Amino acid sequence: MGNCLKCFQSAAEQSMPTNASSLSPNSHNSNACQTAISLANCYDSVGTNPNANERCALETDELLSSRTPLKPAKANNCDTKRNSFKSLGLLNGSAPTMSDIITTAVKESMEVSHQALNKLYDVYKDPDDEDMILTDGIERLCNDLNYQPDEFAILVLAWCLDASQMCRFTKAEFIEGLHKMRADTIATIRVRLEQTIEMLKADAEMFKQLYRFTFRFGLEPDQRVLSLEMAIDLWKLVFTVQTPDLFSNWIHFLEKHPNIRRIPKDTWNMYLNFTEQCDIQNYDDTEAWPSLFDDFVDYEKNRALVSSGIHDDDNNNDDPLQSHVKAEDPGLVS
């Protein structure tokens, strides 16, 4: 993880669709995984407090309510396209996957032992820095969890632990994060990760939190933008379980234009909105989209014309990005 890009590259490449035509501010990150464990606070009370079951039921009803932010507002001239995510079912009152997860989770014992958490941390802490789990320890943790360090589940774990950067977990992040997850053994960590991944497939707002965390997580210390290489790897990773329409086209576009060197936060965040709300045909370039999206849409339209045997009148095969780069800073296209 982090500057050790090797942790994410291989899985990102494997998850890339074969069809070539295929992280939040710190003030909010302390609750980054709260959605995944929103019922955890009431788990401890179930069976001991006579009102606990009723309270949990009310919270569950609220989570499944149609008033949740899972119903996106439509953009001015763009159709809502949340269903463009493959395998993404929007959460609603009859969602069986979410119900199964909640039912299973409520039945489980949620007692967490601080002693067990500290012992677990000691297994993986760095011998030269007792306040950190570094690369070697993370690799051993991943091995014990039966995951590769570059799998989507480990990104989810980093999100749940609110990790501040790649390639390390601090002692506070590890212990406090696992306490919020209600997990103090390798077995329960894996169960919580599996439950959280299922929730992410169903809950668009929850996935948005993970998506925004991923940008911050990928930043190098004291940097505010991602390198294009890192951004592409993280896009491939975060979209492992739900791939937007035209995602392979987007990656092809970026890789085809190496003069795009950096991806700022605004572009990263708005790409998710773009995938949810727009496609090539209904895209409105008069709205406040990053100019890189304008170039992508123009590029795709030109490719479609060429593939259909129609060429530009001036027969010069214009690439909109090239003219855009000439007019702006060649180091940053956003």
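**Close-up views of a predicted model**

**View 1. Helix H6 and the elements around it.** The buried residues of H6 pack against strand S1 (132-133), helix H7 (135-145), strand S2 (169-170), helix H9 (171-181) and H10. This is a predicted model, and the buried residues of helix H6, which spans residues 114-124, are Leu 117, Leu 120, Tyr 121 and Tyr 124. They lie on the same side of H6, because the arc that they cover around the axis is only 100°. On the other side of H6, Gln 115 and Lys 119 are exposed. The N-terminal end of H6 is capped by Ser 113, a side-chain oxygen of which lies 3.3 Å from the backbone nitrogen of Gln 115.

**View 2. Arg 192 in helix H10.** Arg 192 belongs to helix H10, which runs over residues 186-202, and helix H10 is also one of the elements against which the buried residues of H6 pack. With a relative accessible area of 7%, Arg 192 falls under the 20% limit and is therefore buried. Its side chain makes a polar contact of 3.3 Å with the side chain of Gln 195. A polar atom of the side chain of Arg 192 also lies 3.4 Å from the backbone oxygen of Arg 182.

**View 3. Two residues with positive phi, Asn 146 and Cys 167.** Most residues other than glycine have a negative phi. Asn 146, although not a glycine, has a positive phi of about 65°, and Cys 167, likewise not a glycine, has a positive phi of about 70°. Asn 146 is placed in the loop between H7 and helix H8 (152-160), whereas Cys 167 is found in the loop between H8 and S2. Asn 146 has a relative accessibility of 58%, which is over 50%, so this residue counts as exposed. Cys 167, at 14% relative accessibility, counts as buried.

**View 4. The second largest pocket and its lining.** The second largest pocket holds about 150 Å³ of space, and 11 residues line this pocket. Of these lining residues, Glu 220, Val 225, Leu 226, Ser 227 and Met 230 lie nearest the centre of the pocket. Strand S3 (225-227) and helix H12 (228-238) each supply at least two residues of the lining, and S3 gives the most, with three residues. When the lining of the second largest pocket is sorted by class, five residues are nonpolar, three are polar and three are charged.

**View 5. Helix H12 as a mostly covered element.** Helix H12 is mostly covered, with 10 of its 11 residues buried.

View 6. Thr 243 lies in the loop between H12 and helix H13 (247-256). The relative accessible area of Thr 243 is 15%, which is under 20%, and this residue is therefore buried. A polar atom of the side chain of Thr 243 lies 3.3 Å from the backbone oxygen of Phe 239. Thr 243 and Thr 275 are 32 residues apart in sequence, and in space their C-alpha atoms are 9.6 Å apart.

**View 7. Glu 300 in helix H15.** Glu 300 has its place in helix H15, and at 8% relative accessibility this residue counts as buried. The side chains of Glu 300 and Arg 303 are joined by a polar contact of 3.1 Å. When neighbours within four places in sequence are left aside, Glu 300 is in contact with Asn 249 and Ile 280.

View 8. Gln 281 is placed in the loop between helix H14 (265-277) and helix H15 (291-307). Gln 281 counts as exposed, because its relative accessibility of 70% is over 50%. Gln 281 and Lys 301 are 20 residues apart in sequence and 8.7 Å apart in space, taken from C-alpha to C-alpha.

Methods. Residues numbered from 1 in each chain as written. Predicted model: local features only at pLDDT ≥ 70, side-chain atom pairs only at ≥ 80, totals over all residues. Heavy atoms only, no water. Helix = DSSP H or I, 4+ residues; strand = E, 2+ residues; numbered from the N terminus. Buried < 20%, exposed > 50% of the residue type's maximum accessible area, 1.4 Å probe, protein only. Polar contact = N/O pair within 3.5 Å; in protein donor to acceptor, adjacent residues only side chain to side chain. Arc of directions from axis to C-beta. Contact = heavy atoms within 4.5 Å. 1 Å grid on protein atoms, 1.4 Å probe; cavity = no way out; pocket = protein on both sides within 12 Å on 5 of 7 lines; lining within 4 Å. Points joined across faces, edges and corners; volume = space filled by probe spheres on them. Nonpolar A, V, L, I, M, F, W, Y, C, P; charged D, E, K, R; others polar.
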